[in-house]
Amino acid sequence: MISAGRESTFATRFALGLLTFLATVLLGGFAASALVRYSPGFDIDENAWNPHLSAVTVAARHARLETENGLPRFYLRYLSRAAHGDFGKSEAFNLPVSELLKNRVLVSASLLTGGTLGGLVLGGLLAWLAVWPRRVILEIPAAVASGLLLAVPPAVLALFFFFREWPLWLAVALALLPRVFGTARSLLGTWYASPALLAARARGLGSATLATRYVLAPAAPQLAALVGVAVVLAFGSLIPIEGLCDVPGLGQLALKGALARDLPLLSALGLIITALVAGVQWLGDLAR
Amino acid sequence: MAGGPRPMTRLAVTLLCLVVVLGLAAPWLAPHPYAQQIREFTTTAPQPGFPMGLDDLGRDRLSRLLYATRVSVLLAPAAATISILVALLLSALAATPSRTLRWSLSLGNSIFLSLPWIFLFIILRAKLPLNTDPVVSVTLTFALMGVAGWAVPSRAFTASILGMKDAGWLLQARAAGLKPWRIATSHAWPHLWALALAQFRILIPAYVLSEASLGLLGLGVADPMPSWGNLLQDLQHPDVVQANPWTLAPLGLLVFVMICLEVLAPSRKVAL
Amino acid sequence: MKPLLLLLPLVLSAAGPQQLRFAIQGDPRTFDVLMAAESNSETVRYLTAGVLVRVNRTTDVVQPELAESFLVKEAGRAITFKLRPGLQFSDGAPLTAADVERTLRRALDPQSGSPTGDTLRAGDAVPAITVAGPREITLRYKAPKPNIDRLFDSVGITPATQAKLPTSSGAFFVAEYQPGSFVLLRRNPHYFKRDPQGVQLPYLDSIRLDIQQNRDIELTRFERGELHLINKIDADGYANLSRSGTRHATSLGSSLDSEFLWFNQAPAKTLPDWKHTWFTSATFRHAISAAIRREDMARIVFKGHAHPAVGPISPANRFWVNASLKPLPTDAKASLSELTKEGFTLREGILRDKAGHPVEFSLITQAGNRPRERMASLVADDLKAIGVKVNVVTLDFGSMLDRIAKSLDYEAALLGFANVEADPSEEMNVWLSSGAQHAWWPAQKTPGTPWEARIDQLELNQAAEATRAARKKLVDEFQKIVRDQEPIIYLLNPDYLVAVAPSLKGVVPTVVPPQILWNAEWLRLE
């Protein structure tokens, strides 16, 4: 992303990347908190419309919520506490945010890992089939399958799996597949046609050696970046998928938190999401 | 994939045009207004006069699908255009010599890519004056999608602008004493224009999908105006789908259009 | 494969043959029975809170529970409870009058924000509490407190320390909680109650409350036998269950709940003067009300499982409803002729007021609440017939609250109340003009209209009367005023629909919450 001139060394690129990463996380986290803080209905208690409660009681319940009015001050204090692992108390769930995250991160992580791995494996395999054996008979069905999957909204795919009670990670994997497929196929294609490989093939090296030494090894940095992008893509689909399919993970937490204007919870999630996205971008830039 | 229009491309363009025409002609083609409630028939399977049946409020499904198509085929390209315009404007910063400015651009880009956008749609819906015309509100929803999406094409533009700086033709042009604005208009612009067109074709399907996801979550286009996204909400109720398979029609049309768009998409990434 | 299959029954039986399973729609916010304010926490409260007395939901008689007897004294100003001997919390600690006193004081503390405190207080006044020995406690109010015995139905006695999973004084206690996933209740081994054969209650070993937001999945799981009951099933689900042939779904008839809409009558800056004039006109409100076809609404939105509403009290609330009030006529033509008397004219399909402003307003309702979204759509369509344009806007609940309770920047809103008790005092905050939920113009310093002043009077007076008969007279007059003025246009009283698996025995369902679960200690699985 950043051109530090022709003389840029890996070290300067790394340092700049780190700076960008930190600034993104801090500012992105702040922007996320600001979105919550200034959305309508932020400072109103959900019990404001509960006729069974008196005004005194509503006020008492509301007073127990986090009431820091100046956002910058809230954010600074929040950051300093977050640095010590204290992400505040979620208002919507009435539980410490760190506990909520701990409870839910496993659910999302398994969906994410299964989905990303599945997507990478399936997409990679399909790309391999499309490129390596050089057979149209494999290339076309692979491309058609990938194209079809790309055309279906991930949330619809997930809903379908949900009602069939099939594993949801598979839906995530299938939603990722075409995205992985496209990139992997072009990467593999490029390296496949590289002169070094052609020369090696001419020398009569075995196809396994060819594959690892001349295709996978040179493509490794980009493939690593691809893994990162796949994780981010999968993460992005967590909100609709978990929200629609009753998965008690981070995505559902984010959606419920958003609807309840849960500032501490969403500030934490904002930090996590920006860190993830910015981290992957940094990785991608380094791989370039 | 290079070369002149292949038969697949031609077919895709034809089919897409057909869908666009269907959408544009919705007011004339649709047998009923999209919000008309025919109360004697609610949640009814297809029958004479209502080839796709009626929804739970007695509204003709076919008419709603046609109008929804109109919303999506008009507004997804519009949103893509907005994204590209914003991205082009901001990416121009990459051409400046100031390193700080360039860094800010890249920073802004990263931040925009990682913001929880769902919130903005909640806020938009909540903040709009209540008597806003539905057409205005739908347009704003897509416009917001467009503005929010600038960061993706911007990355491509920035990379391309940075790449030009080191390009041989630029050095030659400079050496030949060409003025900067001349270089920009006659040399740099064609490069960017081609890139913008490519990005445009990538963004349209992306926005069609985004609208579908937002609609499914109930954050997209608001009832009674139909859109592909909010028509997909029926899919959340398997019994409704079972009772009338035509509830799948919006999904079918969406997938169909997406496939056509993929065929037209520029890179090998999504080639068919 | 085979060994796995053989293990399966073992795994199932490990859950206990007497495990009741059902779904709640979200995480309970608290397990502290004094703090429960939303339906999921309330469900847990009903199952875990030991109460001094309980109102029998079918006979409406106040029965002793933790108290072995009670005595209402001093013309309804005081009540004395005598606790059963040897009461224990679920961890075996003794439960004495001191625990009751501490519970009451905690609830009454205005800082605690306890909804239970609201029921116990009389206005701002707090009763005096005297403990006479480990088994006797007396509460004394300055003035007669209506329902002084019944209100203890909702006061769960809590232990000295509030752990995350508190010990309980009721039939079950919270044994495990997986946020977003389930709440597991186990039977309280120290529960005092026994059946006539001397068997200790509850019959059930445990109750598993699965947190399951998706109602379609809940239904599927019920049909498969994974869940034993659905405490409140929507009309679509009910129709599906009836269609699929497994007829375990029952309608309990009209519920206490109501669905309604109202116009913003507050002098809000955002509201143009002419709209304020329409909305404050009872004729206008009657005309709108009369143009709404409630039968269509009941048929289309609730599949016939709802009834046109007459007023603030549901006909299901047999004692308190004013049976002499007949529904207002619903007829678009009559409604138009009423409007013309006020200078409105209908030309080319557009209704205009005296000054020529076309009649158009926005109607906000809760996004994601399917019945309400549909009702709003139907209202908009009905009003087209009298030339009124309605813009339906669905908002997420937070944004909606912001408008109706804080900024007052809205024109009309459609919502509903789910009533948890039959007593009309429950909606006091809605009807007092100073109330925060006085929908059409909240928190007024002095009543804005004479009829609101009269309602204030009636509400306060009925709450000070000791006898139900005397209160009923005042409540009847209140209902008449509400019908004559229609500040809130009542639409429907939905029926209460439940589904109970045939294996679940001992169910005595009622429309008063908690419909199926009120006698949970008597439920058993066969």
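I began with chains A and B: the contact takes 42 residues from chain A and 37 residues from chain B. I counted two residues as in contact if their C-beta atoms, placed from the backbone, lie within 7 Å. This is a predicted model, where local features need pLDDT of at least 70, side-chain atom pairs count only at pLDDT 80 or more, and totals for chains, interfaces and linings use all residues. Residues are numbered from 1 along each chain as its sequence is written, while chains are lettered from A and ligands numbered from 1 in the order in which they are written.

I then listed the elements on the side of chain A that touches chain B. Those giving two or more residues include helix H1 (10–37), helix H7 (168–192) and helix H12 (263–287) of chain A. H1(A) gives the most, with nine residues. Helices (H or I, at least four residues) and strands (E, at least two) are DSSP runs, numbered from the N terminus.

I turned to chain C next. Here 31 residues of chain A are in contact with 34 residues of chain C. On the chain A side, helix H2 (55–63), helix H4 (97–131) and helix H11 (250–259) each give two or more residues. H2(A) gives the most, with six residues.

Last, I looked up strands in chain C. Strand S1 (residues 19–24) and strand S10 (residues 206–211) of chain C pair in the parallel sense over six bridges; pairing needs at least two DSSP bridges. Ile24(C) has Ile211(C) as its bridge partner in S10(C). Strand S9 (residues 182–187) of chain C runs antiparallel to S10(C), joined by five bridges. Phe182(C) stands opposite Asp210(C) in S10(C).
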